[in-house]
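Hi,

Here is the structure I promised to pass on. Have a look at it first, and then read on for what turned up.

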Amino acid sequence: MIKKNLSINTAKKGATIKKEIYGHFSEHLGRCIYGGIYVGEDSDIPNTRGLRNDVLQALKDLAIPVLRWPGGCFADEYHWRNGIGPKNERVTMINTNWGGVTEDNSFGTHEFMDLCDLIGCEPYISGNVGSGTVREMSEWIEYITSGNISPMTDLRKENGREEPWHLKYLGIGNENWGCGGFMTPEYYANQYRQFQQFCKDYGDNKLFKIACGPNGDDTAWTEKLMSMINPMIAGAISLHFYTIPTGNWNDKGNATGFSEELYHRTIRETRRISPIIESHLAVMDRYDPEHRIGLCVDEWGCWYNVEEGTNPGFLYQQNTMRDAIVASVNLNIFNNRADRIVMANIAQVVNVLQSVILTEGPKMLKTPTYHVFSMYKDHQGSTLVESLMSDSTFDHEGISYPDLSVSSSVKEDGTLFVTLSNANLKESYQINTLIDAAYKKAEARILTGGMDDHNTFENPDAVADVAYNGVTLQGDSAEITLPPCSVVTVTFKK
Ligand code: AHR
């Protein structure tokens, strides 16, 4: 057992942890929308207006705050008018990014807004800059949010929706440095300025506009973009960072059956997001010293080789305890930067990359990553407080990184919530935690297992969080035991 110290200072308050940090992403990619979320009204799978009931319930239980759609790369080839009106009249298209399959557009604006209403989350729409027009995006916003009399609102009413919807989050393009048009930062920034100008605020609806930010560590993109936008026209810029264990796009490593070496490379690689975030914030600070433009990590997570026998364009992968540790480490990093991170969206919600849900026909399972999001949800809307952990850097046969990760927040009623993980596969940690002596009760939960443990459709609850008695409280100190490869949450009450 390795001993470490943690000091939690509830008097040292930080920013509010925006609930949107616990956001998700749903693209027309593989079986995310079709089969995973939407099965159509005639399906034998129990559904509400075509949306599968089991997935709706699981997402509601997770209290997901915001859902991004329709892409991803798909966003910059999506033409919204193809996805409205009677389904049998909707024109089809080829999904050129993802498997070359035919998209029948049966899931469009109305279905997405219905999904968000049923889950109770904010919609986040990514508009098409790469192959769309200013007018097309402008009219989409009018169609969705205007309560006036106009051709767009008449069209919406004809399609069965009388009242405008509320839409806050609008992305102007996606990865415009890549699949969204291979633009230079100057060219994109000019496009951004023009497109955003014609996306209007109708009635009470106020858009929060998000510009396409950098890929990974590309601070040159951030520099140019920040020099050409300002807080009057942008609420945030995005950042995309995927964890690829091998660092090689041609062979990323498998989602299951991996070596201990690859496990450690994954955790070390995922931790790189922290210095990358800091490097972009340093650039942003120079142009926006008052911090009026936020950072929105609207794609993050692990990206592995696809499961054998599945369509390579569908990005379907299993999800293990390794992913749970990755989720825990990233969410703690985001919480600890709650002053600047306004949103984060793990990629993607169902059946694609680091999903919280997997489906197979009528069957559904919650992945280890789902359980981490579920365990962490009490951070949403709470106030970050200082948590200082002693250094836990550990050498895993040549691969060094800190084993421990932590973040803490307090609720208005004073409840203290602490989330921790131990990435070490062999060593337990005993954390001697200094807290306010006013806390008299502690309740904990744990998610733990072997690095490769995962849920299957035959055994969907093999990995799940359970109540944990590894925390003892005495005066102003708590002993928290973290077994190898574990995620632990502790709620302290007065
Ligand atoms: O999430 C899968 C893809 O990754 C998205 O479509 C794109 O934005 C990113 O490259």
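This is a predicted model: local features need pLDDT of at least 70, side-chain atom pairs count only at pLDDT 80 or more; totals for chains, interfaces and linings use all residues.

As you'll see, the crossing of H6 and H8 is right-handed. Helix H6 covers residues 219-228 and helix H8 covers residues 273-287, and their axes lie 9 Å apart at an angle of about 20°. An angle under 35 degrees counts as roughly parallel, so that is what H6 is to H8. On the H6 side, the residues that meet H8 are Thr-219, Thr-222, Glu-223, Met-226 and Ser-227, while H8 brings Ser-279, His-280, Val-283, Met-284, Arg-286 and Tyr-287. Sorted by class, that contact of H6 with H8 has five polar residues, four nonpolar and two charged.

H8 also packs against helix H9 (residues 321-336), at an angle of about 25° and with the axes 10 Å apart. H8 and H9 are therefore roughly parallel as well. Their crossing is right-handed. Here the contact is made by Ile-273, Ser-274 and Ile-277 from H8, with Asn-330, Ile-333 and Phe-334 from H9. The contact of H8 with H9 has no charged residues; four are nonpolar and two are polar.

How many of the 11 residues of H2 are buried? The count is nine, so to speak a mostly covered helix. The buried ones are Thr-109, His-110, Glu-111, Phe-112, Met-113, Asp-114, Leu-115, Cys-116 and Ile-119. Among the elements covering them are strand E4 (51-52), helix H1 (53-61), strand E5 (66-69), strand E8 (122-127), H3 and H4. Just after the helix comes Gly-120, with a positive phi of about 85°.

The pairing with H1 is worth a look on screen. The axes of H1 and H2 come within 9 Å and cross at roughly 55°, and the two helices are therefore oblique to each other. H1 uses Leu-56, Leu-59 and Lys-60 to meet Leu-115, Leu-118 and Ile-119 in H2. Five of the residues in the contact of H1 with H2 are nonpolar, one is charged and none is polar.

Thr-109 belongs to H2, which runs over residues 109-119. Is Thr-109 buried or exposed? Its relative accessible area is 0%, and because buried means under 20%, Thr-109 counts as buried. The side chain of Thr-109 makes a polar contact of 3.1 Å with the side chain of Trp-140. Leaving out residues up to four places away in sequence, Thr-109 touches Trp-69, Tyr-78, Trp-80, Gly-83, Ile-84, Trp-140, Ile-144 and Trp-165.

**Ser-146, between H3 and H4**

Ser-146 sits in the loop that links helix H3 (134-145) to helix H4 (151-158). With a relative accessible area of 1%, Ser-146 is buried. Again setting aside residues up to four places away in sequence, the residues Ser-146 touches are Ile-141, Thr-153, Arg-156, Pro-164 and Tyr-202.

**Strands E6 and E7**

Two residues here touch each other: the contacts of Thr-102 beyond four places in sequence are Thr-92, Met-93 and Ile-94. Thr-102 lies in strand E7 (residues 101-103), and Met-93 lies in strand E6 (residues 93-95). Which of the two is buried, and which is exposed? Thr-102 is exposed, with a relative accessible area of 53%, whereas Met-93 is buried, at 14% relative accessibility.

Each has a partner some way along the chain. Thr-102 and Thr-92 are 10 residues apart in sequence, with 6.6 Å between their C-alpha atoms. Met-93 and Asp-104 are 11 residues apart, and their C-alpha atoms are separated by 6.7 Å. Besides Thr-102, the contacts of Met-93 beyond four places in sequence include Phe-74, Glu-77, Val-101, Glu-103 and Asn-105.

Cheers

Key:
Residues are numbered from 1 along each chain as its sequence is written. Side-chain values use heavy atoms; hydrogens and water are left out. Helices (H or I, at least four residues) and strands (E, at least two) are DSSP runs, numbered from the N terminus. Buried means under 20% relative accessible area, exposed over 50%, partly exposed in between (1.4 Å probe, protein chains only). Contact means heavy atoms within 4.5 Å. Axes are lines fitted to C-alpha atoms, for helices over the stretch in contact, and angles run from 0 to 180 degrees between N-to-C directions. Angles under 35 degrees count as roughly parallel, over 145 as roughly antiparallel, 65 to 115 as roughly perpendicular and the rest as oblique. A crossing is left-handed if the near helix is turned anticlockwise from the far one by less than a right angle, and right-handed if clockwise. Ala, Val, Leu, Ile, Met, Phe, Trp, Tyr, Cys and Pro count as nonpolar, Asp, Glu, Lys and Arg as charged, and the others, Gly among them, as polar. A polar contact is a pair of N or O atoms within 3.5 Å; within protein, one must be able to donate a hydrogen and the other to accept it, and residues adjacent in sequence count only if both atoms are side-chain atoms.
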